[in-house]
Amino acid sequence: MTTTRDLIQQLAGLARRKHYTCEDSWYSCPQSECGSANDNAGAECDCGADEHNAKVDAICAYLAQPEPEGPTDEEIMDLMPQLMHEDLASAARAMAAQAGTDNRNVAGMMRIILNHHAVDLARAVLARCGRPAVEPPINPAHNTAQDSGQL
Ligand SMILES: [Zn+2]
């Protein structure tokens, strides 16, 4: 299974630049495989590849961060508007009365069930919001017309 982390690494591989190499090695970056023939060029990268690749690495590190943890049930309930709290309490009392009892424990249990439904709904909405609109390809490096059955 291709994970987001795998895709980030593939993207990083595509984004990283090699150090500049010229047929006349006088102009090659000192950090290139062949080095520079210019003794005054020093040993540091002078083609911009190190700076570019550092930005690629920083972006990949940012993208690879773990997803933030979702809210707790208590945090979801704290976000519930006061009017909804009151309406759920009224609904629970009405459900208990409909069941033929004015027992406060029955109304309390109805209220707990309604609260669980509200929390479940909030979790379903949060889960849907975290899902990407476009599913990543299974393996972009080998995603050819043959793989997709277009041949
Ligand atoms: Zn360089």
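Me: Before we start, pLDDT is the predictor's confidence in each residue, from 0 to 100. Where in the chain is that confidence lowest, and where is it highest?

Reply: Confidence is lowest in helix 5, with a mean of 88, and highest in helix 2, at 94. Over the chain pLDDT averages 85, and 85% of the residues score at least 70. This is a predicted model, in which local features need pLDDT of at least 70 and side-chain atom pairs count only at pLDDT 80 or more, while totals for chains, interfaces and linings use all residues. Residues are numbered from 1 along each chain as its sequence is written.

Me: What makes a stretch a helix here, and how many helices are there in the chain?

Reply: Helices are DSSP runs of H or I with at least four residues, and strands are runs of E with at least two, numbered from the N terminus. The chain has five helices and zero strands, giving the pattern α-α-α-α-α along the sequence.

Me: How do you know that the span of helix 5 agrees with its number of residues?

Reply: The expected span is 1.5 Å times one less than the number of residues. Helix 5 (residues 104–129) has 26 residues and should span 38 Å; its end C-alpha atoms lie 37 Å apart, so the two agree.

Me: Why are helix 1 and helix 2 called roughly antiparallel?

Reply: Axes are lines fitted to C-alpha atoms, for helices over the stretch in contact, with angles from 0 to 180 degrees between N-to-C directions. Angles under 35 degrees count as roughly parallel, over 145 as roughly antiparallel, 65 to 115 as roughly perpendicular and the rest as oblique. The axes of helix 1 (residues 4–15) and helix 2 (residues 49–63) cross at roughly 170 degrees and come within 10 Å. The pair is therefore roughly antiparallel. I8, A12 and A15 of helix 1 make the contact with V56, C60 and L63 of helix 2, contact meaning C-beta atoms, placed from the backbone, within 7 Å.

Me: What makes D39 exposed?

Reply: A residue is buried if 20 or more other C-beta atoms lie within 10 Å of its own, exposed if 12 or fewer, and partly exposed in between. D39 has 8 C-beta neighbours inside 10 Å, so D39 counts as exposed. D39 sits in the loop between helix 1 and helix 2.

Me: Why say that helix 5 is hardly covered?

Reply: Two of the 26 residues of helix 5 are buried. For the chain, 6% of the 151 residues count as buried.

Note on methods:
Two residues are in contact if their C-beta atoms, placed from the backbone, lie within 7 Å.
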